[in-house]
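Here's a quick, friendly tour for anyone meeting this protein for the first time. Have a look at the model, then read on.

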Amino acid sequence: QTTIMIKSGKIKWFVGDSQHNVNELIALGANKKCCNVIPPFNSLQDFENISTTPKIKKMLIEFNFVNILFVGRIVPNKGHIHLIRTLSRYIYNYGINVRLHLVGDVNPKLSKYYQLLENEIKNNCLSNLIKFHHKVDLKTLYTFYKYSTVFLILSEHEGFCVPIMEAQYFHLPIIAWNQCAVGETLGNGQLLFDKCNYDTFAIAIHRLITDMKLKTKLAQNGLKNLKQYDNSKTIKKTLMLIDS
C-alpha cells in the first residue's frame, strides 16, 4: 500500500508500507529523498484474551497431524497452487499424516481460479488432506495460529504480509518463498528460500517437525522481528513525518 501526501498542489511525500513498495515508486519516477517507509498499524492486540474454538482445536490436535497453515485470500498472487504441490511432494516423501489448512475468502469473480485449485487437488488425490476455511471469525483464526505446526507462505506477490506478523506473534515457525516484500516482512534468521522448489519446502517442513531446537530458534527470531512493527513505533514514525 502507498500513501501520497500533497502540499500546495504538489506531491510532498511518498509513503510505502515496505521498502519493496517504495522501490517501485522510485522506479516510476518518485524522488528517493521524498520517499519513506512506514509499516501498517496492526491489530495483534485483538488476539489477547481470546478463547479457542473447541471444534477447530479438536480437529487440529486430535489425530496428531502435521498441520500446515496459510492465511490469505483465494487469489492467484497468494500462490495456493504452490502450496498444493508442496503438500503433494511432502506426502510422497513422508506419508499422509498431514493436513493443509487454507484460511481465506473466495472472490466470486475468481471462480475459474478456485476451480483450477480444485482440479489440482483432485488430480493429485489430495481432497481429504486439504481443507478450505472461508470467512472465519477471530476465535477460529486464533485457534488455527495457536495449534498449527508450521506457517507456509509461497505467495508470488506481497507488498507487505500481515499474516507473517500474526504467525510470529503465535511463535509459529514460518517457511517462505522470497518474493517481493515477504523476506522484508519476515526478518532475519528465518527459513527463507530464493527458489520455488516443492521438494525443498517439503524437506523444510519435515525438518521443523523433527528439530525442536530449530523450531524454537525460528520462533525466537520471529518475536525479535515483530518488535519493529510495534504500533507505538509506527505512531512515532508517522508523527515525525507529519512534523517534517
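Predicted model: local features only at pLDDT ≥ 70, side-chain atom pairs only at ≥ 80, totals over all residues.

Residues are numbered from 1 along each chain as its sequence is written, and side-chain values use heavy atoms, with hydrogens and water left out.

**Salt bridges**

How many salt bridges does a search of the whole structure find? It turns up five, a salt bridge being a side-chain nitrogen of Lys or Arg within 4 Å of a carboxyl oxygen of Asp or Glu. Among them are these:

| Pair | Closest N and O atoms |
|---|---|
| Glutamate 158 and lysine 78 | 2.9 Å |
| Arginine 85 and glutamate 120 | 3.0 Å |
| Aspartate 105 and lysine 135 | 3.9 Å |

Take glutamate 158 and lysine 78, whose closest N and O atoms are 2.9 Å apart. Glutamate 158 sits in the loop between β7 (150–153) and α6 (162–169), and lysine 78 in the loop between β4 (66–71) and α3 (80–94), so the pair ties together parts 80 residues apart in sequence. (Helices are DSSP runs of H or I with at least four residues, strands are runs of E with at least two, and both are numbered from the N terminus.) Both glutamate 158 and lysine 78 are buried; buried means under 20% relative accessible area, exposed over 50%, and partly exposed in between, using a 1.4 Å probe and protein chains only.

Next, arginine 85 forms a salt bridge with glutamate 120. Arginine 85 is in helix α3 and glutamate 120 in helix α4 (residues 111–123), so this pair ties together parts 35 residues apart in sequence. Arginine 85 is partly exposed at 32%, while glutamate 120 counts as buried at 15% relative accessibility.

Then there's aspartate 105, which forms a salt bridge with lysine 135. Aspartate 105 lies in the loop between β5 (98–103) and α4, and lysine 135 in the loop between β6 (130–133) and α5 (138–147), 30 residues apart. Lysine 135 counts as exposed at 70% relative accessibility; aspartate 105 is partly exposed at 33%.

**A surface patch**

Phe41, Ile235, Leu239 and Ile242 form a nonpolar patch on the surface, with about 400 Å² of accessible area together. Patch members have over 30% relative accessible area and no salt bridge, with like charges joined within 9 Å and nonpolar side chains (Val, Leu, Ile, Met, Phe, Trp, Tyr) within 5 Å; areas come from the Shrake-Rupley method with a 1.4 Å probe, and for residues only the protein chains shown count as cover. Isoleucine 235 belongs to helix α10 (residues 231–243) and is partly exposed at 41%.
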